[in-house]
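Dear colleague,

Here is the structure I said I would pass on. My notes on its pockets and ring pairs follow below.

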Amino acid sequence: MQIEPKKLFPPQQEVLKKGLLTGNRSCILHMATGSGKTFLSEFAIDHVLSEGYKVVYVTPLRALAEQQATRWKNRFPQKEIGVFTGETIGTSSNRSRYSKSQILIMTPERLDAVLRHWRSHWDWIPDVNLVIIDEAHILGMGARGPRLEGALTRLTRLNPFVRILGLSATIPNACEIAAWLGGTAYTSFWRHIPLEKKIVRFSSAKDKPTLLLAAVKRCIDAGGQSLVFCNSRSRVQQIADYLLASGLP
């Protein structure tokens with residue numbers, strides 16, 4: 001992959017300069033949203049594929065798995081990409097897709113299921129050189145975290161030469177996770193777009209939608225985008241309806 005350094009963000013330049021994606025050690029990249037983690041993962045994928053190995057990409061959501069597959073079919077047109085989601089392994093005919101795929105996109109549940117039946121997948125597991133964990137902070141989430149942790153532990157026992165590349169903007173203990181993997185951690189708080197923090201006070205809960213609307217409108221009028229977090233799905237729908245009724249696009 002030919003790269004012009006001037007077009008890279010500072011964290012991307014530093015990661016590539018240190019050789020964190022092309023060495024033989026696992027790595028946790030703790031970088032802010034929008035600082036270029038996806039590009040770095042694609043650089044790592046390109047390097048591994050050029051050496052004739054396979055890559056497993058683990059994403060927490062099925063929708064994201066399909067989205068990445070669509071993106072990478074254009075990015076890596078000569079490579080076979082397989083999407084494997086859910087917890088069931090499937091029929092023996094479906095299993096052949098694993099060995100044919102050079103980029104395997106999975107949910108944590110599917111990775112765990114595959115590794116619990118590793119004997120049925122031994123024709124391709126040793127060919128995996130890199131496992132990328134998108135949203136690596138899910139290691140600390142409820143039941144999914146221990147399940148992913150167990151899957152990675154089993155994988156490194158089956159394939160001691162595999163590398164783990166964890167990507168996260170919010171992981172609180174990158175160094176601890178990297179040490180557990182026998183690798184290294186890289187942390188950067190550089191942001192392409194500066195983050196401003198502001199506390200808005202109100203005397204009554206009914207004032208919150210109006211205050212939110214004003215904040216969102218200022219952002220949109222300045223050419224930006226807004227992401228609003230709510231405490232429940234029903235509240236999400238209420239706020240969305242309110243903003244739409246207020247004339248926001």
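A pocket here is an open set of points, on a 1 Å grid over the protein atoms alone, with protein on both sides within 12 Å along at least five of seven lines; lining residues have an atom within 4 Å of a point. A volume is the space filled by probe spheres set on the points, which are joined across faces, edges and corners.

This is a predicted model, in which local features need pLDDT of at least 70 and side-chain atom pairs pLDDT 80 or more, while totals for chains, interfaces and linings use all residues. Residues are numbered from 1 along each chain as its sequence is written, and side-chain values use heavy atoms, without hydrogens and water.

The largest pocket has a volume of about 1700 Å³. Of its 32 lining residues, Glu196, Ala215, Cys219, Ser226 and Leu227 are the closest to the centre. Helix 8 supplies the largest share, nine residues (helices are DSSP runs of H or I, at least four residues; strands are runs of E, at least two; both are numbered from the N terminus).

The second largest pocket holds about 450 Å³. Among the residues closest to its centre are Lys37, Tyr57 and Asp134. Helix 3 gives the most to this lining, four residues.

There are five aromatic pairs (ring centres of Phe, Tyr or the six-membered ring of Trp within 6.5 Å; planes under 30 degrees apart are stacked, over 60 edge-to-face, the rest tilted). Phe9 and Trp190 are tilted, because their planes lie at 40°, with centres 5.0 Å apart.

Regards

How values were computed. On a 1 Å grid over the protein atoms alone, a cavity is a set of points where a 1.4 Å probe fits but cannot get out, and a pocket is an open set with protein on both sides within 12 Å along at least five of seven lines; lining residues have an atom within 4 Å of a point.
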